[in-house]
Amino acid sequence: MSTETVTGLVAVVLVTLATLLIGTWGLRFSRTTSDFFVASRSVRPALNASAIGGEYLSAASFLGVAGLVLTFGADMLWYPIGWTAGYLLLLVLVAAPLRRSGAYTLPDFAEARLGSRRVRATCSVMVVAIGWHYQLPQFHGAGLTIRAAIGAPTWVGPVIVGAVVLANVTSGGMRSITFVQAFQYWLKLTALLLPLVVLIIVWVGDGTPGSRMPADDSWSVPLASGGSEGLYLTYSLIIATFLGTMGLPHVVVRFYTNPDGRAARRTTLVVLVLLGIFYVLPPVYGALGRVYAGELAASGRSDVLVLELPRLMVPGIGGELLAGLVTAGAFAAFLSTSSGLAIAVAGVISQDVTGRSLTVLGGRRLSGVAAFRLAAVVAVLVPLTIALAVPSIGVARAVGLAFAVAASTFCPLLLLGIWWRGLTDVGAVSGMLAGGLGSGAGVMWTLLEGSATGWPVVLLEQPAAWSVPLAFAVMIVVSKVTASRVPAHTRRFMVRLHTPEALDLDRG
Amino acid sequence: MTEGPRPERVRVTGPPRRHAPRTRTGDIDDETRLGSVYLGSLLREQLRLAARTILVLVVTVGSLPLAFRVVPGLSDVTLLGIPLAWLLLGGLVYPFLVLLGWRYVRRAERNERDFADLLGEIER
């Protein structure tokens, strides 16, 4: 076994053990169904923000951004900016009201707001679809990392991640996952920052050499190439990421663990800080890659840039140790995001399927925790099977498409549901279907077809700029037409969403 | 599968409410016209604040791609040896987002305090 394999293996084993240990430790605090689902809503802002950061910084953030910057240049900086600014929009439009709504999942919110089982069912299907789609690049990234670290076949990584996530989620639920994810934020930050400091020192020692790749003027322009089509692609990406964050199922579930609306806001603000610190780092890896790792971009393996760069720049055992640290961070990224998605999807499945329908099969309803565990198994195994069966389309791009779908479905539902009294159940379902089908067509096209040029293709490749306004328009127009269906309790619900909890008001 | 009595259904609710003497909150509870005005004013203030924050975001960060397209010379500008685009998009944008968020949280909490004062119940 070479040193290369040993450091990689040690890194993966250590992260896995730490994750399981912290999960088990958190188990001591996890006793009730409420602990399982929402950590009994008693998580303080600093811990909760670390957990949100840990959960949110996925394979795309840890590996994908640096690879994209290496290959395509400064216009890819919009990915991390969008993923951060998405939290600003979440903060100003959604955070406090969503927490105050008292619902646990997006389907809960929709049902409470609109009083309709049909809206609930639509939301549940969308949550599962987006969650599973987002899960794929995590598994693919894990496969890449394990292969780069220990030379194992690409199916090993997804299987390890799936097993660890399942063990943690089914044993401790939300409470123990909160500690795990908070730990993983700081691990990821360290794993990216420490090697980067060394790499920059090496770069300065080398006399700050410039790029060795062929000169490319468009590389430092923050705009996709191709004239007005490039401008469209850039703005569409901005819309998808700015508005998509609030619609991601694993992000939303985290807000219910805050004690109240005010804490939800403060938590989000701390998240902004944590993400801002982290996202400064990956583009620097991309830029250093232009100097030292041009061949990775040329051979289409840019996703492994972060993992390979320490070895390419620092010879000997030092480089190996740094590579081990980065591998540990990457592995933490898959574990934490996968866990968050599994919790979110399992929450929906256990409420809508295993908690209800299995009554028929088993003769009696499953208890809350048993239903959740069964749902977690489904929530992990299905995307794992898909990930092993289909090839990867690039980690950050796959995640980008999930954002586009979330922005075209749940973003309009949340914004109109929170700020507009006129929303009806029929309007909400129509709008989500229009946005979901529109952006879904784009996703399918990209997954199946890949590359081509011309406006129709550009519109499908990055659908958010038209599918988000479409969803809003359909939702508003259909709601106006069906105005008689505005739920009677709308005003009372608005009181609940927008007034501070300390006020003694009837919230329905 | 568990045996024995089914666990109690857990109802997740907000913090316990006190039973204060009837105040203007009663207007909101009874959905009077006055209560409607109170609630409407809070909603409008919060929405206006959110809109202002988003407007600042769109005008500053959101206009950058357009700026680089309209003024191609911008991509050649360097500050301290770093291209302007990288300095703005790779670094400065993040503290700016935090600043916007911080300002928003302060003002949103102030709006809520004003609303509580208006209803004659000063908390915290």
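**Helix packing between the chains**

Modeller: Let us begin with a crossing between the chains: helix α5 of chain A passes α2(B) in a left-handed crossing, where left-handed means that the near helix is turned anticlockwise from the far one by less than a right angle, and right-handed that it is turned clockwise. The model is a predicted one, in which local features need pLDDT of at least 70, side-chain atom pairs count only at pLDDT 80 or more, and totals for chains, interfaces and linings use all residues. Residues are numbered from 1 along each chain as its sequence is written, while chains are lettered from A and ligands numbered from 1 in the order in which they are written.

Colleague: Which residues of α5(A) and α2(B) make the contact?

Modeller: From α5(A) come A:A85, A:L88, A:L89, A:V92 and A:L93, and from α2(B) come B:A50, B:T53, B:I54 and B:L57, two residues being in contact if their C-beta atoms, placed from the backbone, lie within 7 Å. By class, eight of these residues are nonpolar, one is polar and none is charged; here Ala, Val, Leu, Ile, Met, Phe, Trp, Tyr, Cys and Pro count as nonpolar, Asp, Glu, Lys and Arg as charged, and the others, Gly among them, as polar.

Colleague: At roughly what angle do the axes of α5(A) and α2(B) cross?

Modeller: Two packed helices are described by the angle between their axes and the distance between the axes. For α5(A), residues 78-93, and α2(B), residues 33-60, the axes come within 9 Å and cross at roughly 160°; axes are lines fitted to C-alpha atoms, for helices over the stretch in contact, and angles run from 0 to 180 degrees between N-to-C directions. The two helices are therefore roughly antiparallel to each other, given that angles over 145 degrees count as roughly antiparallel, under 35 as roughly parallel, 65 to 115 as roughly perpendicular and the rest as oblique.

Colleague: How does α5(A) lie against α4(B), and is the arrangement roughly parallel or roughly antiparallel?

Modeller: The axes of α5(A) and α4(B), the latter covering residues 84-118, come within 10 Å and cross at roughly 5°, which makes the two helices roughly parallel. On the α5(A) side the contact involves A:I81, A:T84, A:A85, A:L88, A:L91 and A:V92, and these meet B:L89, B:V93, B:Y94, B:L97, B:L100, B:G101 and B:Y104 of α4(B). Eleven of the residues in that contact are nonpolar, two are polar and none is charged.

Colleague: What is the secondary structure of chain B?

Modeller: Chain B has four helices and two strands, where helices (H or I, at least four residues) and strands (E, at least two) are DSSP runs numbered from the N terminus. Along the sequence these elements follow the pattern α-α-α-β-β-α. Buried residues make up 25% of the 124 residues in chain B, a residue being buried if 20 or more other C-beta atoms, placed from the backbone, lie within 10 Å of its own, exposed if 12 or fewer do, and partly exposed in between. Within α2(B), the buried residues are B:G35, B:L39, B:L42, B:L43, B:Q46, B:A50 and B:T53.

Colleague: How many helices and strands are there in chain A, and what share of its residues counts as buried?

Modeller: Chain A contains 23 helices and zero strands, and 63% of its 508 residues count as buried. Of the contacts in chain A with a separation of 6 or more, 82% are accounted for by residues 24 or more positions apart.

Colleague: How many of the twelve residues of α13(A) are buried?

Modeller: Nine of the twelve are buried, so α13(A) is largely enclosed by the rest of the structure; among them are A:L281, A:Y285, A:L288 and A:Y292.

Colleague: Where does A:V405 lie, and what does it touch?

Modeller: A:V405 lies in helix α19 of chain A, residues 395-419, and is buried, with 28 other C-beta atoms within 10 Å. Not counting residues up to four places away in sequence, A:V405 touches A:I130, A:G436, A:S439, A:G440 and A:V443.
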